[in-house]
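Give the cut-offs behind each term.

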Amino acid sequence: MAAAPEAIAMSAGADLPAELVLIAQLCGGQVQYINEGERRYIHMTELHFYVRGEQKVMDALLCLNYPNPTYPTKLYLPTNLGLGLNWNENAYILAKQWFTWSWKDVSPNQPPIAILAEHLRAFR
């Protein structure tokens, strides 16, 4: 049985960590760190981003410590967007099904907003 997720900080009415302020500006809802098992995520509610010039709004999870040196960070979305990308992983995280694609070499050694921007670059 997986460990219960642990929410660390929330954007609504709580002190938001400074490194999450820019991400919160891209979201219509809460932004928070969540730990599940050994992994640390940023859960983004109503993340606004563009896919081939079309605006999308959906929740997203940014994993900051994925245990693979080629894929040390991952962005999970609630749906497979297609686009010819290699959607190679379906994961059950925080009691929900998520999808991610093969997008490698996004270093965890940079601010979370830079990690997010690198992953969203796949949708240009």
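**Rings, cores and strands**

Lysine 74 lies over the face of tyrosine 71, at 5.3 Å from the ring centre. Lysine 74 also lies over the face of tyrosine 66, with 4.5 Å to the ring centre. A charge counts as sitting over a ring if NZ of Lys or CZ of Arg is within 6 Å of the ring centre and within 35 degrees of the ring normal.

The model is predicted: local features need pLDDT of at least 70 and side-chain atom pairs pLDDT 80 or more, while totals for chains, interfaces and linings use all residues. Residues are numbered from 1 along each chain as its sequence is written, and side-chain values use heavy atoms, with hydrogens and water left out.

The chain has two helices and seven strands, in the order β-α-β-β-β-β-β-β-α along the sequence. Helices (H or I, at least four residues) and strands (E, at least two) are DSSP runs, numbered from the N terminus. Of the 124 residues, 41% are buried; buried means under 20% relative accessible area, exposed over 50%, and partly exposed in between (1.4 Å probe, protein chains only). Contact means heavy atoms within 4.5 Å. Among contacts between residues at least 6 apart in sequence, 39% join residues at least 24 apart.

The largest nonpolar core has 26 residues, and those with the most contacts inside it are Ile42, Met44, Phe49, Leu75, Leu77 and Phe123. Such a core is a set of buried Ala, Val, Leu, Ile, Met, Phe, Trp, Tyr and Cys residues joined through side-chain atoms within 4.5 Å. At least two of its residues come from each of helix H1 (21-24), strand S2 (31-36), strand S3 (39-51), strand S4 (54-63) and helix H2 (112-120). S3 gives the largest share, five residues. Apart from this core lies another, of eleven residues, among them Ile34, Tyr71, Tyr76 and Ile93.

In H2 the buried residues are Pro112, Ile115, Leu116, His119 and Leu120. These residues are on the same side of H2 because they cover an arc of only 130° around the axis, the arc being that of the directions from the helix axis to the C-beta atoms. An α-helix has 3.6 residues a turn, so residues three or four places apart point the same way. The buried residues of H2 pack against H1, S2, S3, S4 and strand S5 (74-76).

The structure holds four aromatic pairs. Rings of Phe, Tyr and Trp (its six-membered ring) pair if their centres lie within 6.5 Å; planes under 30 degrees apart count as stacked, over 60 as edge-to-face and the rest as tilted. Tryptophan 87 and tryptophan 101 form a tilted pair, 5.1 Å centre to centre with 55° between the planes. Tryptophan 87 lies in the loop between S5 and strand S6 (89-93) and tryptophan 101 in the loop between strand S7 (96-100) and H2, so the pair ties together parts that are 14 residues apart in sequence. Both tryptophan 87 and tryptophan 101 are buried. With Phe49 and Phe123, Trp87 and Trp101 form one aromatic cluster. Beyond four places in sequence, the contacts of phenylalanine 123 include Phe49, Leu77, Trp87 and Trp101.

Threonine 45, in strand S3, counts as buried because its relative accessibility is 18%. Lysine 56, in strand S4, counts as partly exposed because its relative accessibility is 25%. Leaving aside neighbours within four places in sequence, lysine 56 is in contact with Leu47, His48, Phe49 and Val51.
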